[in-house]
Amino acid sequence: MQDPNADTEWNDILRKKGILPSKEKLKEQEQAEEEREQQLLQQQSVVKTYEDMTLEDLEENEDEFSEEDERAIEMYRQQRLAEWKATQLKNKFGQVLEISGQDYVQEITRASKDIWVVLHLYKQGIPLCALINQHLSELAKKFPDVKFVKAISTTCIPNYPDRNLPTIFVYLKGDIKAQFIGPLVFGGMNLTKDELEWKISESGAIKTDLEENPRKQIQDQLMTSIKCSVPTRSKDSDSEDD
């Protein structure tokens, strides 16, 4: 294909017919394009200069900005502000909230639609409940975007039997997505924080960095220990039996 910018007889004919722009208009278009590219590079340079500034730094130095700086910085300011708001929304919890039955609807069923809620029903004087509360406090710090809540069982569910404690319900959009009821589900007082984290992660409420179920490792070690402790029959004893 022939270059439309070349100085040829054919291109001159096309320019006269109005099919191609005149040389003057073509130069004007090229010059305008170069100016736009230069302006974009300047804006990018300004943003790069101030990209390490906090929102407070941008406020303090705004008197030093030119009009072009202001436009570039305003775009960057809005971007940083949106990122900050998103971070604040995700990290809004970080601890276990104690509630009563009166708070149940507000804190559980009316929680934001995109927020997972982990509710622990417990009672004082039950050692496994105390252990799980301790583990949940650590998990709440590790997963601050998840709402961890605890409540004395009978304040939320009247006459809830103690044999079902501890109980953990996992909610999303007000619906129960998983439930863990009774001491056997948790494996008793040998329950570790990692095991509880894995169990809750299976509901989808948290994204664990654990590569496999910690309980499986314990089971594998237990089976290995059992196999090693079982006496094996020697060939001599077998021959004597014969």
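**Figure 1. Pro-166 in the loop between α7 and β4 of the predicted model.** Pro-166 occupies the loop that runs between helix α7 (153–156) and strand β4 (167–172). The peptide bond that joins Leu-165 to Pro-166 is cis, with omega at about 0°. Most peptide bonds, by contrast, are trans.

**Figure 2. Asn-159 in the loop between α7 and β4.** Although Asn-159 is not a glycine, its phi is positive, at about 65°. Most residues other than glycine have a negative phi. The relative accessibility of Asn-159 is 73%, and because exposed means over 50%, this residue counts as exposed.

**Figure 3. Lys-173 in the loop between β4 and β5.** Strand β5 covers residues 175–181, and Lys-173 is placed in the loop that separates β4 from this strand. A positive phi, near 60°, is found at Lys-173, a residue other than glycine. With a relative accessible area of 55%, Lys-173 is exposed.

**Figure 4. Ser-153 and its contacts.** Ser-153 belongs to helix α7. The relative accessible area of Ser-153 is 0%, so the residue is buried, a term that applies under 20%. When neighbours within four places in sequence are left aside, Ser-153 is in contact with Leu-121, Tyr-122, Lys-123, Tyr-160 and Leu-165.

Methods: Residues numbered from 1 in each chain as written. Predicted model: local features only at pLDDT ≥ 70, side-chain atom pairs only at ≥ 80, totals over all residues. Heavy atoms only, no water. Helix = DSSP H or I, 4+ residues; strand = E, 2+ residues; numbered from the N terminus. Buried < 20%, exposed > 50% of the residue type's maximum accessible area, 1.4 Å probe, protein only. Contact = heavy atoms within 4.5 Å.
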